[in-house]
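Dear colleague,

Please find the structure below, with its sequence.

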Amino acid sequence: MDSKKKDAVKAKLGAVRDKKKADIKEKADTLRDRGKKRIAKLKSSKLVSQQTVSDNRLELLITTVARNKGEYYADLIQSFDVNMQVTVMGEGTADAKMLSMFGLSDSDKAVIFSVIQGNKLDAALSALDEKFRTIKNGKGIAYTVPLSSVIGTLIFGFLSNNRMTVKENKESDK
């Protein structure tokens with residue numbers, strides 16, 4: 001092949017390659033624009049605004065009380081829109097001598113694990129603190145651990161006791 005033909009073939013191949021690159025870039029730009037429009041539409045929709053997690057963080061409230069007071073405290077915590085609680089029976093590690101030194105009668109404990117909304121946490125801890133101080137033999141300890149993530153919108157809606165989120169998602173799945 002002579003050099004003129006080679007140059008012509010190279011020029012045609014270059015033109016085809018440039019056209020394909022331009023087509024791919026145009027398609028990518030179109031897809032990116034569509035994606036941006038969809039995201040903007042979702043952000044402005046009512047459904048996404050009800051599912052924002054940053055407005056309503058969840059915390060794991062762990063409360064340890066005397067076993068015979070466990071049900072009372074579980075009911076008290078339930079009044080703060082707690083949708084999930086687990087009570088585990090436990091036993092303290094102190095021996096009888098140590099228990100009598102601190103004025104405690106027994107080492108049988110109830111440990112209550114509750115998932116509670118962050119905006120209700122202060123009220124719940126205040127109520128628990130007040131009950132720990134005023135109820136006879138009602139001493140206990142309560143602390144929280146932040147939940148950094150929850151898998152699924154439905155689970156988050158259930159744990160945060162947000163029935164609207166759960167209901168709307170079920171309707172959108174149909």
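Helices (H or I, at least four residues) and strands (E, at least two) are DSSP runs, numbered from the N terminus. Please keep in mind that this is a predicted model, in which local features need pLDDT of at least 70, side-chain atom pairs count only at pLDDT 80 or more, and totals for chains, interfaces and linings use all residues. Residues are numbered from 1 along each chain as its sequence is written, and side-chain values use heavy atoms, with hydrogens and water left out.

I begin with the surface. Valine 86 lies in strand E2, and it is partly exposed because its relative accessible area is 40%; here buried means under 20% relative accessible area, exposed means over 50%, and partly exposed is in between (1.4 Å probe, protein chains only). Together with Met84, Val88 and Phe158, Val86 makes a nonpolar surface patch of about 310 Å². Strand E2, residues 84-91, gives the largest share of this patch, namely three residues. Patches are made of residues with over 30% relative accessible area and no salt bridge, where like charges are joined within 9 Å and nonpolar side chains (Val, Leu, Ile, Met, Phe, Trp, Tyr) within 5 Å. The areas come from the Shrake-Rupley method with a 1.4 Å probe, and for residues only the protein chains shown count as cover. A salt bridge is a side-chain nitrogen of Lys or Arg within 4 Å of a carboxyl oxygen of Asp or Glu.

Next come the aromatic rings. The structure holds two aromatic pairs (ring centres of Phe, Tyr or Trp, the last by its six-membered ring, within 6.5 Å; planes under 30 degrees apart are stacked, over 60 edge-to-face, and the rest tilted). Tyrosine 72 and tyrosine 73 have ring centres 5.4 Å apart and planes at 80°, so this pair is edge-to-face. Tyrosine 73 also forms a tilted pair with phenylalanine 132, at 5.4 Å centre to centre and 50° between the planes. This second pair links distant parts of the chain, since tyrosine 73 is in helix H3 (residues 70-78) and phenylalanine 132 is in helix H5 (residues 118-134), 59 residues apart. Tyrosine 73 is buried, at 0% relative accessible area, and phenylalanine 132 counts as buried at 10%.

Finally, threonine 63 is found in strand E1 (residues 58-66) and counts as buried, at 0% relative accessibility. Leaving aside residues up to four places away in sequence, threonine 63 touches several residues, including Ile77, Leu128 and Phe132, where contact means heavy atoms within 4.5 Å.

Best wishes
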